[in-house]
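Visitor: Hi, I'm new to this one. Can you walk me through it?

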Amino acid sequence: MCILMKKVSSIFIVDDDPITVFGIKKMLKSVTKCDDVQIFQNGKEAFDALLERNESNKTIPDVIFLDINMPIMDGWGFLDELISLDLKEHIIINMITSSIDPLDHQKWSNFKDRCPYALNFKNKPIFKIEAADLGLMDMAS
């Protein structure tokens, strides 16, 4: 099996931990090519940027790496706002967390049932980004 290296138009990384952001950016280079990787410290910054892109008909991110616990607006608040936008684009959202609280996993499961986008759950630290995390497919060689 070889992985089809597909270019992803836009990726948002929403996390207040610079080490996690650095790691995700580094791992992305091995699975995809993307010239538009945007970093946000909290959900409000990311949502405001997403709203601006939507209103000005700019590219909506194909993939979002979204931390759960952040200041100002956490990942759950971001998801609530994103769902209310009713975007037609296909977005893959990778929820990332260092939390070991089973309630976070349950909350993710509840969001997954009502979220119109692909919603994955990943525990920190992230050691590898899979092609599926980006919506890429494995292709037979």
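This is a predicted model: local features need pLDDT of at least 70, side-chain atom pairs count only at pLDDT 80 or more; totals for chains, interfaces and linings use all residues.

Visitor: Where is D67 found?

Guide: In strand β4, which covers residues 63–67.

Visitor: And what does D67 touch?

Guide: Leaving out residues up to four places away in sequence, D67 touches V14, D15, D16, G75, I96, T97 and K124.

Visitor: What does UniProt place at D67?

Guide: An unreviewed UniProt entry lists "modified residue: 4-aspartylphosphate" there.

Visitor: OK, the sheet. What's the strand order?

Guide: β3-β2-β4-β5-β6, five strands in an open sheet with parallel pairing.

Visitor: Which strands stand at the edges?

Guide: β3 and β6. Each has a single partner strand, so one side of each has no neighbour in the sheet. The twist from one strand to the next averages 15°.

Visitor: How many bridges join β2 and β3?

Guide: Four, in the parallel sense. F12, for one, has Q38 of β3 as its bridge partner.

Visitor: Now helices. Which strands does α2 lie across?

Guide: α2 lies across β2 and β3, at about 160° to β2. α4 lies across β5 and β6, at about 170° to β6.

Visitor: And α3? Which of its residues are buried?

Guide: G75, W76, G77, F78, L79, L82 and I83. Their cover includes α2, β4, β5, α4 and β6.

Visitor: What happens at the start of α3?

Guide: A side-chain oxygen of D74 comes within 3.2 Å of the backbone nitrogen of W76. After α3 comes D86, with a positive phi near 55°.

Methods: Residues are numbered from 1 along each chain as its sequence is written. Side-chain values use heavy atoms; hydrogens and water are left out. UniProt positions are given in the numbering used here, feature names are shortened, and annotations may be inferred rather than shown by experiment. Helices (H or I, at least four residues) and strands (E, at least two) are DSSP runs, numbered from the N terminus. Contact means heavy atoms within 4.5 Å. Buried means under 20% relative accessible area, exposed over 50%, partly exposed in between (1.4 Å probe, protein chains only). A polar contact is a pair of N or O atoms within 3.5 Å; within protein, one must be able to donate a hydrogen and the other to accept it, and residues adjacent in sequence count only if both atoms are side-chain atoms. Two strands pair if DSSP finds at least two bridges between them. Axes are lines fitted to C-alpha atoms, for helices over the stretch in contact, and angles run from 0 to 180 degrees between N-to-C directions.
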